[in-house]
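Subject: Structure handover and findings

Hello,

Here is the structure I promised to pass on. Please load it first, then read the notes below it.

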Amino acid sequence: MRYAFTLLLTLTACFAAQTLALRAVGGRTAKSESNFFSSIGRIQAGATGKSEVMLLGSSITGRLPDRAQGYHGWANMGCDGGSAVDVLRAMDEGILPRAPLLVIEANTLQLALNQKPTEIAAAMRGPWFKVGLNAPCLAAYARPAAFFYSKLLARRIGGFDSGTGTGDLEVADGPEWITKPHDDGLTPRQKALIQEVAAILQKMKAKGTHSILVWLPPARGDGSTPPDWILELARTGGSRYWDLGQKADSKWITLTDGVHMAAPSAARAVNSLLKAIY
Amino acid sequence: MLLAATFALYYAPWSRGRHGKAWQVSLALVASVIFYGWEDPKLIGLLAISCVGNSIATGRIIQHKVAGDDALVRRWTRRAVVMNLALLGIFKYLPFIAGLLPFLPPAWVAAAKAIPLPIGISFYTFHGISMIVDVARGEVTREGGALVAGGSRSGRFAKGVRDIGFYLLFFPQLVAGPIVKAKEFWPQISAKRIEDIPWKGVVRALITGYFLKIFVADNLAEQTASLTLGPANLAGSSPLNLIPLLYGYSLQIFADFAGYSLIAIGLAAMFGYRFPTNFNFPYLSTSITEFWKRWHMSLSGWLRDYLYIPLGGNRKGPARTYVNLFLVMFLGGLWHGAEWKFALWGSLHGLFLALERLASRNQDPECRIKKTSALLSSSSSGLWSLASGFFHWFITFHLVTALWLTFLMPDMASIVAFFKGVCSSKTGFSGPPIFSLVFYGTAAVLYHAWGWLKEHREHFANHLARSPLEPVLHGVMIFLILTNPGAPRGFIYFQF
């Protein structure tokens, strides 16, 4: 009896501490040591509550701040090691809710060309994912390890607060419609992916969800134009395209590992998006 | 669902009647068959062959034993052992052997390699051999008697198949052990009552087992998977990435297998059966000899009783002892899988066991183990003893950990690439492996610290065990299992 009482008391104390910690970090942790759980956590957090803008993409997107860092109505659903396509498919199937505007990271869309089923896609269809949507304590963004890892990561990449509301990437133009076809020389896989994703985007548009394809920093190293198939996807999917990474002033872009933005740069990127959208 | 339904029916009111044992054994046998065949029902056929073959052989051995015909006992024992080894050979080693024979037509090799490896075959083969040998040695008598006692011949045979099937297939041990010897298991086959369940032990084993598997092993596995990405990746990594991953794998394989064993022990206890301890804080070992007395103890015990001792053990002089040690470990390595890497892993362990035996040839092995263990105990006096004990532990732990590379890596090129990476001057590192090692590995280290306390500070450990610390720890463990599980993965030893 004493054993059961002490055990239940300890469990209650643990869950209470976790709930308080979750509140203290704004509702979700930034990152876990596990790419898998970081991605699942972001998607679960993004799918909970009402969002005006959803950020879809890879770990590059994963670094962008959202409502947990004070950007109200913004939800970050970046999948580490993946692309926006898994989340788009899940939205299309009705597994995940949609916001009125989707910002789709273009940098890593090519990862979806390999047509391999991903762990994230499988997990979103599993029961444990749904449990996390309904019970925040059991969500991936509330993993105890993630609290510690986020704290350590914040030391390395800087705090998001330093960038919030202080400036943007100083890009003069904004997202544009692609009207000219770019369908020459596309591979069969590129054509197939364009067909699938464009159909999803068009369906969503008909239901009131618009999308923008954005090439986030870092810029393409060789200064090349964006891949034709991505422009073609934007055109056929009825999305605007924005080459933010290429056009951003490089003095504002700090990368922690050659690929991912430091927190102040990520905040500036979101400020640029805010400016372009509203 | 299956477990809950089986448990409820197992202890149903009618299980207390005259046919309680028959009901419980039959139910557990059916549940085990469903559990085993759930993914691939075809595998049940092979189990049935093993079960019926071993039953026939056991019945014959007992008959000839009762009649006092030792020659026929030996003949049937040989036949049954060969049958068990043949099943293992065909399904586990034929593809490997076919690949080694250059004169075989490629179509034959391809056909051999297409033979699927039935899950758990290594374990139920060893159970089968244990039963045959224990019956032949007269170490299983009461149950064997049932096969020749009164009643019709077909009725006796059916009961024999049922009990033997139950021993071979009992689901907690079916796919990855512990390897329970027939002489330990058969005497336990009887009607069980729910009030006899040792709940404290069950709860302790299940919580600790699931914690080690779900929190420690599965979370470490996400990082250590990068060790198998191929030579190019390994050679391009820095020591700061590779070394934490190797330590991580060492702790992961312990947590994975010890966790499974504890779960099996806990589940078996729920059904009234005691399984032997399979892991006794192996990373406290101060020699390879001691390591094998603490790691996968049921396999070590099986190899000792059914291979090392029949080979002559240490009774035929020092040279033969060294050869026997090496041979047993070589075969023990191959038992894990039909690949050269497992043979190499077993051989290196065998070599170190033989070298340790050689180095201590004038000492009794038990004395030597006690001596080295004592170096870390309270009775040790002086800094030198402590340093010496630490040195032995340090060498043993790192040797065992390094040898896991041969167990884990897909080929020799990957092992070489790993050491190239470790010896490189690259300084870059990624955070997750080190974070995981510290965050999850600490749990495995603390588990061993608890083992050290139990062995060397018994009074204090008992005091702690009686304090509210245990339910507090169990509460924290359940919390971490629920909120911080790793991505679900199969148990490492399921592949063997």
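Start with Phe281(B). Phe281(B) is not a glycine, yet its phi is positive, at about 50°. Most residues other than glycine have a negative phi. Please bear in mind that this is a predicted model.

His296(B) makes a pair with it for discussion. His296(B) also has a positive phi without being a glycine, at about 40°. It sits in the loop between helix 14 and helix 15 (297–308) of chain B. Is His296(B) buried or exposed? His296(B) counts as buried, because it has 23 C-beta neighbours inside 10 Å.

There is one more backbone point, in the other chain. The peptide bond between Pro217(A) and Pro218(A) is cis, with omega at about 10°. Most peptide bonds are trans. Pro218(A) belongs to the loop between strand 5 (210–214) and helix 9 (228–237) of chain A.

Chain A has 11 helices and 6 strands. Its C-alpha atoms fill a box of roughly 75 × 40 × 30 Å along the principal axes. A compact globule of 278 residues would have a radius of gyration near 19 Å, and chain A agrees because its value is 19 Å. Of the 278 residues, 47% count as buried. Take the contacts in chain A with a separation of 6 or more: residues 24 or more positions apart account for 78% of them.

Chain B has 23 helices and 0 strands. Its C-alpha trace spans about 75 × 65 × 50 Å along the principal axes. For 496 residues, a compact globule would have a radius of gyration near 23 Å; chain B has 24 Å, which agrees. Buried residues make up 43% of the 496. Of the contacts in chain B between residues at least 6 apart in sequence, 75% join residues at least 24 apart.

Next, the domains of chain B. Chain B is divided into domain 1 (21–191) and domain 2 (199–495). Their centres, taken over C-alpha atoms, are separated by 29 Å. The contact takes 22 residues from domain 1 of chain B and 21 residues from domain 2 of chain B. On the domain 1 side, the elements giving two or more residues are helix 4 (70–100), helix 6 (121–136) and helix 9 (171–174) of chain B. Helix 6 of chain B gives the most, with 5 residues. By class, that side divides into 14 nonpolar, 5 polar and 3 charged residues.

One helix was checked for length. Helix 2 (residues 20–37) of chain B has 18 residues, which at 1.5 Å a residue should span 26 Å; its end C-alpha atoms are 26 Å apart, so the two agree. Which residues of helix 2 of chain B are buried? They are Gln24(B), Val25(B), Ala28(B), Leu29(B), Ala31(B), Ser32(B), Val33(B) and Tyr36(B). An α-helix has 3.6 residues a turn, so residues three or four places apart point the same way.

Then the interface between the chains. Here 19 residues of chain B are in contact with 21 residues of chain A. On the chain B side, helix 21 (431–456) and helix 23 (469–483) are the elements that give two or more residues. Helix 23 of chain B gives the most, with 10 residues. That side of chain B has 12 nonpolar, 6 polar and 1 charged residues.

Last, the core. The largest nonpolar core has 188 residues. Those with the most contacts inside it are Leu56(A), Val214(A), Leu169(B) and Val216(B). Helix 13 (residues 239–270) of chain B brings the largest share of this core, 20 residues. At least three residues come from each of domain 1 (21–191) and domain 2 (199–495) of chain B. What does Val214(A) touch, leaving aside residues up to four places away in sequence? Val214(A) touches Val103(A), Ile104(A), Glu105(A), Ala106(A), Trp242(A) and Leu244(A).

Best wishes

Methods: Residues are numbered from 1 along each chain as its sequence is written. Chains are lettered from A and ligands numbered from 1 in the order in which they are written. This is a predicted model: local features need pLDDT of at least 70, side-chain atom pairs count only at pLDDT 80 or more; totals for chains, interfaces and linings use all residues. Two residues are in contact if their C-beta atoms, placed from the backbone, lie within 7 Å. Helices (H or I, at least four residues) and strands (E, at least two) are DSSP runs, numbered from the N terminus. Ala, Val, Leu, Ile, Met, Phe, Trp, Tyr, Cys and Pro count as nonpolar, Asp, Glu, Lys and Arg as charged, and the others, Gly among them, as polar. The radius of gyration is taken over C-alpha atoms; the globule rule is 2.2 Å times the number of residues to the power 0.38. A residue is buried if 20 or more other C-beta atoms lie within 10 Å of its own, exposed if 12 or fewer, and partly exposed in between; C-beta atoms are placed from the backbone. Domain bounds come from an automatic or database domain assignment. The expected span of a helix is 1.5 Å times one less than its number of residues. A nonpolar core is a set of buried Ala, Val, Leu, Ile, Met, Phe, Trp, Tyr and Cys residues joined through C-beta atoms within 7 Å.
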